[in-house]
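Q: I would like to learn how to read a structure one feature at a time. Please go through it with me.

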Amino acid sequence: MKIIKSPKILHQELVKLRLRDSKVGFVPTMGALHDGHLSLVRASNRENDVTVVSIFVNPTQFGPREDFSKYPRVFGKDKKLLQRLKVDFLFCPSVRGIYPEGLGKRGQTITPCLPPFVSNAKWPRLAKGLCGKFRPGHFQGVVTVVSKLLNIVGSCRLYLGAKDYQQAVVIRQMVKDYGLNARVRIQPIVREKDGLAMSSRNRYLSQEERLRARKISQVLFALKRDVLKREKTLNVLKNQTLTELKKHVGQVQYLEIVDPVTLIRLKKFQRGMAALTACFVGKTRLIDNVIIRFP
Ligand code: AMP
């Protein structure tokens, strides 16, 4: 595995490989890797000749009161996990490497504007609700870093997890709107045995919080079962779920049932639906979702 810090060198290496017809798979991460990340790496290994994993804790996607400085950084451990999976390139740029123009006072200076030829771009609307409502600037930070990374990597298959469902939908739309040279492959959520969605942030949880956190997925799975039974209205089921979440988990930032493509809130059942939530367990913010589809 080659470990590369320089965007230019990675770019050149990949240009050379593509000239020899190698297909490139790219897995962007912020490190503190777990089986969720590794499932993306495995998918990329299966479907491409070359796999690139990036580890970059992106400052512009964190709000001023969020956990950027305490976000877990365990490079040595991550490196070993990726070596074991025979990843070809580990790209770990510095903040300067990605933001040579530096970060503004609020760490949010780069907001991609929409060039005129994509004045009808759909991604800004997708980024508005759900997490976008509670994390202002977050998705601007995400699309900024992903577009920069895609420019460095070049033509590739891009692997994203359904765990960050809104993020995956926003990026997929950005790739479409801007005509970027990437094929977005969204992979299923990897969970712990008790259903908790794997997340780098799970390590913040105390033992007691960890027990409460597993309720998030259990409540979402129960919602899915109830929706499929169709005995109550969507609104009743949503309120019931919200009560359960508040009772067992703690502060619920949102629970929404939306169209899986447009992310528009649903009032009635339809064939495909996505139920998404963000909850605080103690000080830790966790997100999870389930896709519900009538047969
Ligand atoms: P992060 O390091 O949190 O930015 O995540 C990097 C990528 O891994 C994103 O595309 C995430 O959606 C994905 N990911 C994180 N956790 C999981 C999980 N439990 N299952 C599947 N993918 C995940």
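Q: Where is Ile 3 found?
A: This model is predicted. Ile 3 belongs to strand 1, which covers residues 2–4.

Q: Is Ile 3 buried, partly exposed or exposed?
A: The relative accessible area decides this: under 20% counts as buried and over 50% as exposed. Ile 3 has 40%, so Ile 3 is partly exposed.

Q: Which atom of the ligand is 2.9 Å from the side chain of His 37?
A: A polar contact is a pair of N or O atoms within 3.5 Å. At His 37, a side-chain N or O atom is 2.9 Å from an oxygen atom of the ligand. Gly 161 has a backbone N or O atom 2.9 Å from a ligand oxygen, and a polar backbone atom of Val 190 is 2.9 Å from a ligand nitrogen.

Q: How much of the accessible area of the ligand does the protein cover?
A: On its own the ligand has 480 Å² of accessible area, and the protein covers 93% of this.

Q: Is Ile 171 buried or exposed?
A: Ile 171 is in helix 8, residues 165–178. Its relative accessible area is 1%, so Ile 171 is buried. Val 146 is 25 residues away from Ile 171 in sequence, yet their C-alpha atoms are 7.8 Å apart in space.

Q: What is the phi of Leu 130, and where is this residue found?
A: Phi of Leu 130 is near 50 degrees, a positive value in a residue that is not glycine. Leu 130 sits in the loop between helix 5 (123–126) and helix 6 (131–134). With a relative accessible area of 9%, Leu 130 is buried.

Q: What about the phi of Arg 230?
A: Arg 230, also not a glycine, has a positive phi of about 60 degrees. Arg 230 lies in the loop between helix 9 (207–229) and helix 10 (234–248). Its relative accessible area is 49%, so Arg 230 is partly exposed.

Definitions and conventions:
Residues are numbered from 1 along each chain as its sequence is written. This is a predicted model: local features need pLDDT of at least 70, side-chain atom pairs count only at pLDDT 80 or more; totals for chains, interfaces and linings use all residues. Side-chain values use heavy atoms; hydrogens and water are left out. Helices (H or I, at least four residues) and strands (E, at least two) are DSSP runs, numbered from the N terminus. Buried means under 20% relative accessible area, exposed over 50%, partly exposed in between (1.4 Å probe, protein chains only). A polar contact is a pair of N or O atoms within 3.5 Å; within protein, one must be able to donate a hydrogen and the other to accept it, and residues adjacent in sequence count only if both atoms are side-chain atoms. Accessible areas come from the Shrake-Rupley method with a 1.4 Å probe; for residues, only the protein chains shown count as cover.
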